[in-house]
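Q: I am new to this structure and would like to learn how to read it. Could we go through it feature by feature?

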Amino acid sequence: MRALQIVDLTGPESALAEADLREPEPSHPLTPGSGVVIDVHAAGVSFPEVLQTRGEYQIKPELPFVPGSEVAGTVRSAPEGSGLAEGDRVAGCCLLGAFAEVAVAPDFLTFELSDELDFAQGAGLILNYHTAYFALKHRGRLSEGETVLVHGAAGGVGTATLQVAKGLGARTIAVVSTDDKERVAREAGADQVVRSDAAWKDEAKELSGGGVDVVIDPVGGDRFTDSLRSLRENGRLVVVGFTGGSIPEVRVNRLLLNNTEVVGAGWGAFVMGKRDVNREIGAEVNRLVDEGFVRPIVGARFPLERANEALQLIDGRGATGKIVLELR
Ligand SMILES: NC(=O)c1ccc[n+]([C@@H]2O[C@H](COP(=O)([O-])OP(=O)(O)OC[C@H]3O[C@@H](n4cnc5c(N)ncnc54)[C@H](OP(=O)(O)O)[C@@H]3O)[C@@H](O)[C@H]2O)c1
């Protein structure tokens, strides 16, 4: 099968090389001896793959390896009792191995793909939307009628968070850096949009009538303190990622003074092996698809052999929505 491998750690421009590899066995490292084999139509590209080309991600497989954590395609074979059968359209999270014509995902991370979504949209469903639901609901304890501020709101996690928050009955304020990203955030359903290089904290406080209830932060960096200041009493700042490049530190007296919380949301670490949690999140995300709230925004599509361009787009802060490789 055709596949792409990371062959060295020289960065997104040069670390990838095409390879002709044997098709994988129906076995996944998380479920040894068992796995859903998927004919890949589309593979999602995300920030971790950029980091992996430099050896900077927490998962550091031996070189060479096939990167790519999620796919959409059709089931070639599925374990008994998985509820999946040959030919089903699915979205699957394989953790590694997605940049290939055939990939294997654990059954508990493979979900039926609604006919409402095409394969490219399906390749942007699990990582971003399951994270968004987990961050908002499980960690942020979001209630209907609350206000959510979303950083990096035109990105993959950001657009997903805007849509899921809307589906959960929240009001949303998007933080973005450019006109183009403002357009994407509005397309994703943002009620209000503020600019990261302006007085966004003051604007968010005014727009929310005194402070937001939840901040979802995939960016981190030096805006963290202002995120804390933008919360109302009982507000929750949910830490999702650090695309801004630095990991912020918090002076905890701020939390005491304003009765606020900082909460971590690590979707992958939490849901691995937890069948019931995955089933619940999968069902909730599919419900939001059926109700029309969830429609992954595909920002750019590349053929497999141009994956380095996809990675550079993300690396250069130029990506909007989900970046996807199309294989079939
Ligand atoms: N915790 C979890 O479970 C979990 C799950 C999935 C992903 N993540 C993490 O979430 C983060 C976001 O992922 P994503 O797929 O949404 O990424 P993305 O599509 O590339 O979006 C990231 C956004 O970050 C903002 N940003 C600010 N400074 C940046 C910089 N120096 N370089 C690049 N972007 C910058 C950009 O928005 P502006 O230009 O508008 O500021 C950009 O749109 C990543 O760190 C990822 O690893 C965490």
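A: Gladly, and we can begin with a cavity: helix H3 (126-139) and helix H10 (275-290) each supply at least two residues of the lining of the largest cavity. Helices (H or I, at least four residues) and strands (E, at least two) are DSSP runs, numbered from the N terminus. This is a predicted model, where local features need pLDDT of at least 70 and side-chain atom pairs count only at pLDDT 80 or more, while totals for chains, interfaces and linings use all residues. Residues are numbered from 1 along each chain as its sequence is written, and side-chain values use heavy atoms, with hydrogens and water left out.

Q: How many cavities of 30 Å³ or more does a search of the whole structure find?
A: Rolling a probe the size of a water molecule over the atoms shows where empty space is left. On a 1 Å grid over the protein atoms alone, a cavity is a set of points where a 1.4 Å probe fits but cannot get out, and a pocket is an open set with protein on both sides within 12 Å along at least five of seven lines; lining residues have an atom within 4 Å of a point. Grid points are joined across faces, edges and corners, and a volume is the space filled by probe spheres set on the points. Here the search finds one such cavity, and the largest cavity holds about 30 Å³ of space.

Q: Which residues line the largest cavity?
A: Its lining is made of Phe111, Leu125, Ile126, His130, Gly282, Val285 and Asn286. H10 gives the largest share, three residues. By class, the lining has four nonpolar, three polar and no charged residues; Ala, Val, Leu, Ile, Met, Phe, Trp, Tyr, Cys and Pro count as nonpolar, Asp, Glu, Lys and Arg as charged, and the others, Gly among them, as polar.

Q: What is the volume of the second largest pocket?
A: The second largest pocket has about 360 Å³. Of the 17 residues that line this pocket, Pro24, Pro29, Leu96, Gly97 and Val104 lie nearest its centre. The lining divides into 13 nonpolar, three polar and one charged.

Q: How many residues surround the ligand?
A: A residue is near a molecule if one of its heavy atoms lies within 4 Å of it. The ligand has 22 residues around it, and Val157, Ser177, Lys181, Ala265 and Trp267 are the closest. This shell comprises ten nonpolar, nine polar and three charged residues.

Q: Which polar side-chain atom lies 2.6 Å from an oxygen atom of the ligand?
A: A polar contact here is a pair of N or O atoms within 3.5 Å. The side-chain atom belongs to Ser177. Polar backbone atoms take part too: one of Gly156 is 2.8 Å from a ligand oxygen, and one of Trp267 is 2.7 Å from a ligand oxygen. The protein buries 87% of the 920 Å² that the ligand exposes when taken alone, with areas from the Shrake-Rupley method and a 1.4 Å probe.

Q: Why does the pair Glu116 and Arg295 tie together parts that are apart in sequence?
A: A salt bridge is a side-chain nitrogen of Lys or Arg within 4 Å of a carboxyl oxygen of Asp or Glu. The count comes to 27 salt bridges. In one of them, Glu116 pairs with Arg295, the closest N and O atoms being 3.3 Å apart. Glu116 lies in the loop between strand S7 (110-112) and helix H2 (119-122) and Arg295 in the loop between H10 and strand S14 (298-303), so the pair joins parts 179 residues apart in sequence.

Conventions. A polar contact is a pair of N or O atoms within 3.5 Å; within protein, one must be able to donate a hydrogen and the other to accept it, and residues adjacent in sequence count only if both atoms are side-chain atoms.
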